[in-house]
Amino acid sequence: MLRITGGKVYDPANGIDGEVRELCVSDGKFVSAVESGRTIDATGMIVFPGGVDVHTHVAGGAINFARAMTPEDHRRTQAFIRSQTRRSGLGGMAPTTFATGYLYAGMGWTTVNEAAVPVLSARHTHEELGDIPIVDKSTLVLMANNEIVLDLLENGEYERAKNIVAWYIWAAKSYGVKAVNPGGVAAWKWGKDAKQLTSSIEGYSKLTPGDIILQLARICDDLGLPHPMHLHCNNLGAPGNISTTLDTLQHLEGHRAHIAHSQYHAYGGDDWDEMRSETAQLAEYFNTHPNITTDAGAVLFGDTVTITADGPWQHLLYKLTGRKWGNLDIENETGCGIVPYTYRPSNLVNAIQWSVGLELLLLIKNPWQVFLSTDHPNGGCFWRYPEIIQLLMCADFRKECLKKLPDKIKQRITLPEIVREYTLYEIATAMSAGPARALGLHQKGNLGVGCDADVVIYEHDDDVARMFGHPRYVIKGGEVVIEEGEIRATPDGREFIIKPHYDPGTEQFLQPLFEDCYTMAFENYPVEMERLENPDIRDCVPNL
Amino acid sequence: MTLTVVNNATCTFCGCVCDDIELHADDVRIVKAKKACVLGTAWFLNHTAERKYPDALIDGKEATLDEAIEVAATYLHEADMPLVYGMSNTTCEAQRECVALADLLGGLLDSHTSL
Amino acid sequence: MGGKVTCTLGEVKNRGDFIIYWGGNPAECHPRHFTKYALMPKSKFLPNGRKDRTVVLVDIRPTKSAKAADIFLQVRPGKDFELITILRAMIKDQKISAEAVAETGVTLEQCTDLVARMKKAKFGCVFFGMGLSMTRGKHMNSAALLTLAAEMNAFTKFVAMPMRGHGNVTGADVVMRWQTGYPFGITFNRGYPRYNPGEFSTVDVLVRGDADAAFIIGADPGATMPQPAIDHLARIPTIVLDPHITHTSKLSRVHITTAVAGISAPGTAYRMDEIPLPLKPALKSPYPTDEEVVRRIKESIAKKPFWMPDGAQMIAAQV
Amino acid sequence: MSKIILRLKEQPTVPLEAEVLSPDTFADLSNDEIRSKIVYHGKRQRRVDDFFDVEGERSDDLELHGNLHRVRWIGRGMSRGRITVHGSVGMHLGAYMKGGEIEVHGNASDWIGAEMRRGLIRVHGNGGGQIGAGYRGSLKGMRNGTIIVDGSAGLEVGMRMRRGTIVIGGPAKDFTGLQMKGGTIVLLSGAEIRTGAWMIRGTIISLVPLQILPTFSYACQYTPDFLKVYSRQLQQLGITLPCDPADGAYELYSGDASVPGKGEVLVWNSA
């Protein structure tokens with residue numbers, strides 16, 4: 001049992017904005033009162049719900065591929081030293097599993113959503129998630145390039161497709177659906193891409209990316225998934241892609257959706273030389289469509305490794321950088337590319353990207369709609385989130401940073417004109433309450449009675465990045481895990497999964513299709529429940 | 001004697017790791033490995049569930065498992081630069097324990113890949 | 001710098017219309033590779049199976065696998081690196097003299113033909129075996145082939161994959177990477193993982209006599225390593241976990257008999273394309289599993305005094 | 001300033017990681033402080049004086065005595081001063097070095113001057129592999145500075161080096177100048193095979209015939225002007241490069257076409 005007294009509480013889920021409140025914890029949850037146990041005197045301190053990352057890549061084949069490709073980064077990064085009870089780890093661009101848990105918890109994040117899992121290697125992803133301590137986890141399976149699903153959609157077999165998506169989610173022991181560059185990855189397997197929403201996809205006679213997007217959004221809604229379709233739009237990273245993004249949003253009209261890393265999808269101009277920010281248009285769409293949420297996918301200057309299921313983009317990036325390139329195509333389902341990359345303020349394109357991420361966070365008015373993310377590790381590493389918070393809260397600091405950008409940038413971005421500064425309440429919304437609600441994790445990002453006791457307590461510091469980077473206490477499930485900069489405990493986290501309803505005949509229908517295109521036994525494909533450490537099955541209420 | 005049939009069993013003899021093998025086994029040995037190749041068949045049929053070897057040896061003499069574990073732990077704990085090596089013919093679950101062991105020991109860790 | 005471009009075996013089965021085996025003998029070492037993955041399967045994209053594919057074998061001698069190939073290129077022993085490097089130049093239209101090419105044992109015409117076919121392929125895949133990575137040049141030979149495959153993507157889809165042997169050696173790679181960041185050749189002596197093949201790889205460590213105790217599991221270095229390495233294993237306290245009494249067991253201080261992975265021990269193994277598969281034992285072993293024994297040794301060590309003095313939990317700059 | 005003299009008194013039984021053996025670390029330390037510095041005997045943290053007798057203090061001139069073949073990381077990242085070793089040393093001698101001088105009267109192991117930026121390393125005996133190279137995954141090896149090994153060298157000398165000079169007196173093994181991006185490697189006694197493989201830029205000079213990779217093409221006979229300047233500089237270090245047309249000429253090969261690169265391999269052909 002635990003009591004936190006005297007702190008200024010920011011709890012957007014309950015409309016509490018900096019009031020001094022007492023929080024009581026028992027059995028890992030908030031309760032109205034406790035009789036004994038430790039008391040943390042948080043007088044003068046700032047109390048937030050634990051952070052929730054709606055979109056990150058921390059476990060599975062792709063990030064593990066990235067680890068293999070970047071030993072030079074492991075050598076230069078922070079190292080977590082072994083103790084009698086705590087495993088060692090390395091941070092950096094692609095941290096090891098143990099370090100991932102320490103780094104997230106170390107800055108007060110307590111729930112993370114691994115946003116790209118191929119069903120075929122879901123078993124691997126869960127093994128890694130089991131080795132990420134402290135934080136709770138959920139996963140999304142990749143569906144928008146699954147050839148079995150695409151074939152059914154091409155033939156108009158919506159119900160079948162819906163059942164199969166539901167079956168896949170359960171087979172992977174996952175929490176929702178991720179759509180990456182719909183149709184584009186399938187086309188990439190022939191070295192092609194899918195850039196037009198209304199043109200048919202390489203290898204299909206009539207199916208278009210637009211069809212996939214609409215049908216998958218419907219499927220997610222009809223299955224009643226707690227998190228709507230999580231969409232990585234077509235044409236990522238390309239100048240002028242704003243038209244694709246707006247087209248996509250119009251296709252989605254009437255459906256729920258979460259648009260991933262919208263920074264990469266808000267560019268104007270016809271080529272790299274002409275590239276400019278088009279965040280005003282995109283933000284306007286969000287401001288008039290409250291059913292859609294997004295995460296920033298913000299870019300921070302420095303070294304990172306980009307890793308995405310968007311193979312075509314990765315090959316382009318490799319050609320642009322001439323550095324290292326990894327690519328991994330996964331039968332029937334997806335592919336992924338991996339390219340180490342350095343974002344430089346002197347590079348006009350990078351500078352625009354940096355600005356676009358911040359502009360979206362500042363121009364989308366409702367913090368319940370736009371969340372903090374770097375699409376880790378693509379735009380920057382997750383452990384640099386405190387730097388973004390500083391940029392959002394301090395207009396003067398933004399001005400300082402803008403001075404370091406090339407002069408040419410002025411006509412291409414809108415950031416210099418934006419005076420908005422996030423309040424602590426808004427930060428708490430964008431880093432915790434908002435993403436938790438978008439994920440349908442109602443017990444997260446919420447300091448109300450009955451919710452999970454995930455709390456982060458900061459000591460006030462005028463240096464915002466330092467304050468958010470070094471919380472005084474982090475409490476996960478009622479247990480103090482970080483205190484005064486030290487890791488005090490490394491409990492196992494839980495994994496949230498769902499079991500959407502599917503027709504009992506689905507397996508019989510799927511098996512022969514499966515055997516045609518896969519190379520493993522159908523029976524060995526689903527991940528068994530016992531492979532998960534601490535699974536927690538969440539409700540899934542279908543729309544009938 | 002009971003006959004067990006395992007469908008879609010996985011063969012780890014080579015890197016193909018075929019997972020469509022149908023194994024027929026009695027209490028002590030696998031008698032049939034349908035769909036397995038020559039190498040896989042030999043692999044499956046050569047193993048038995050018999051107690052062919054002592055549980056453990058210490059300096060070549062038979063010992064109990066508990067004794068062997070304690071002696072092993074003492075040797076490894078006392079070393080200044082212990083090495084954990086191999087991990088080819090074992091499960092990922094054991095491999096995870098091996099990495100944990102090397103981490104706990106502050107030792108060297110290496111697999112067959114480095115050859 | 002190149003990189004690594006690969007795929008799962010199902011992609012090869014579904015799409016691979018141009019297959020190269022380099023320095024391997026799948027017919028005898030990976031017998032079902034042809035039928036299950038790479039040569040025979042029919043698919044949506046390759047409806048005629050074998051007839052829709054072109055198969056090339058590159059090796060120092062015509063093995064049984066050569067019979068299964070459409071084209072066999074006999075490379076002179078130790079010239080793989082040169083031949084691959086020539087191909088890398090030729091795909092970029094660089095001129096190489098016919099005499100220089102001929103030194104590899106393969107003619108310029110054969111190379112020209114191979115390059116044309118590679119570029120014409122829709123989905124090329126090159127598998128490489130021990131014959132490549134165990135000969136002079138070692139990891140550079142594999143790196144050369146991986147780079148060639150990556151560079152081929154300027155023209156068409158092309159991937160490369162090592163033909164890993166030894167059961168679950170791929171799993172060891174995968175597990176070490178997520179837990180330590182590195183695939184092999186690691187030390188924890190400073191309290192966190194560091195990596196340097198050659199310095200921390202086992203043969204080198206043992207030949208130099210660097211280690212003062214060894215824990216061997218799922219391998220028999222006593223049968224496979226160079227004699228000086230074996231001699232050092234016999235000098236230091238060596239502990240072996242194995243289902244059999246092995247050569248290494250015989251020179252060890254402690255041997256513990258364990259159940260056989262996949263026969264009498266359950267768990268997970270990774271295929272050469274890093275896809276995990278469940279192991280389903282058909283027998284019950286009278287011996288404990290590796291997992292259980294390693295855990296118990298670990299628990300016993302954890303009860304003894306910890307080796308490292310208290311210090312920082314995290315360091316910003318490594319050694 | 002007086003010297004700090006360390007004499008090995010106890011031979012390590014496993015590798016000893018001793019990056020503290022560097023002028024930068026010892027320059028401002030008293031004798032007692034030097035003795036108490038931490039070295040790593042395998043995983044054990046031990047004191048310098050567990051292994052060495054230490055004479056002197058507060059100096060950036062270090063003298064080491066003894067068979068130090070198990071002692072690694074001597075002079076790591078040093079930026080000034082001098083280390084003289086009477087005996088052989090282990091791996092990573094002068095790795096990441098930024099300045100100063102190291103002289104070894106004996107052999108050194110792998111990774112001499114790996115990823116160094118400035119300074120001079122001179123080994124009078126044999127060297128190991130990966131001299132002046134980049135560690136796994138690094139895009140660049142040594143950025144500048146000079147490494148001279150009088151004896152033989154191992155594999156991958158100068159791998160991915162960007163600038164600077166490496167001179168190898170004895171024969172070098174395979175892959176000398178692998179993926180070289182700049183700088184100069186001088187081979188007084190040649191190298192085994194695959195010299196200059198995948199090189200992008202830079203120069204490899206050999207005074208004896210080399211086996212040339214098929215992806216290098218013969219350009220011409222050529223004695224570049226810079227060689228004369230270079231030769232004068234090396235002369236000060238006791239190394240003579242022939243560059244008088246009367247004595248012969250260099251055969252120039254360019255490559256590696258597989259990259260395609262603009263590296264140069266110059267092979268001396270005496271008249």
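1. Axes here are lines fitted to C-alpha atoms, for helices over the stretch in contact, and angles run from 0 to 180 degrees between N-to-C directions. In this predicted model, helix α3 (residues 92–105) of chain B packs on helix α14 (residues 290–302) of chain C at an angle of about 20°, and their axes are 8 Å apart. Because angles under 35 degrees count as roughly parallel, α3(B) is roughly parallel to α14(C), and the crossing in which α3(B) passes α14(C) is left-handed.

2. On the side of α3(B), the residues that make this contact are B:Glu93, B:Ala94, B:Glu97, B:Cys98, B:Ala100, B:Leu101, B:Leu104 and B:Leu105, while α14(C) brings C:Asp290, C:Glu291, C:Val294, C:Arg295, C:Ile297, C:Lys298, C:Ile301 and C:Ala302. Sorted by class, the contact of α3(B) with α14(C) has 10 nonpolar and 6 charged residues, and no polar ones.

3. Taking the interface of the two chains as a whole, 77 residues of chain B are in contact with 94 residues of chain C. Among the elements that give two or more residues to the side of chain B that touches chain C are β1 (4–9), α1 (38–46), α2 (65–78) and α3 of chain B, and α3(B) gives the most, with 14 residues. That side of chain B divides into 48 nonpolar, 18 polar and 11 charged residues.

4. Chain B also touches chain A, with 7 residues of chain B in contact with 8 residues of chain A. Here β1 and α3 of chain B are the elements that give two or more residues, and the side of chain B that touches chain A consists of 1 nonpolar, 3 polar and 3 charged residues.

5. Within chain C, helix α4 (residues 80–91) and helix α8 (residues 139–152) pack at an angle of about 15°, with their axes 9 Å apart, and are therefore roughly parallel to each other. α4(C) passes α8(C) in a left-handed crossing; the contact includes C:Phe81, C:Ile84 and C:Leu87 of α4(C) and C:Ala144, C:Leu145 and C:Leu148 of α8(C). Its residues comprise 9 nonpolar, 3 polar and 3 charged.

6. In chain A, the buried residues of helix α10 (residues 279–288) are A:Thr279, A:Leu282, A:Ala283 and A:Phe286. Viewed down the axis of α10(A), these residues fall within an arc of 95°, so they line one face of the helix. An α-helix has 3.6 residues a turn, so residues three or four places apart point the same way. The buried residues of α10(A) pack against α9 (242–251), β17 (276–277), β18 (292–295), α12 (348–363) and β22 (370–371) of chain A.

Definitions and conventions:
Residues numbered from 1 in each chain as written. Chains lettered and ligands numbered in written order. Predicted model: local features only at pLDDT ≥ 70, side-chain atom pairs only at ≥ 80, totals over all residues. Helix = DSSP H or I, 4+ residues; strand = E, 2+ residues; numbered from the N terminus. Parallel < 35°, antiparallel > 145°, perpendicular 65-115°, else oblique. Left-handed = near helix turned anticlockwise from the far one by under 90°. Nonpolar A, V, L, I, M, F, W, Y, C, P; charged D, E, K, R; others polar. Buried ≥ 20, exposed ≤ 12 C-beta atoms within 10 Å, placed from the backbone. Arc of directions from axis to C-beta.
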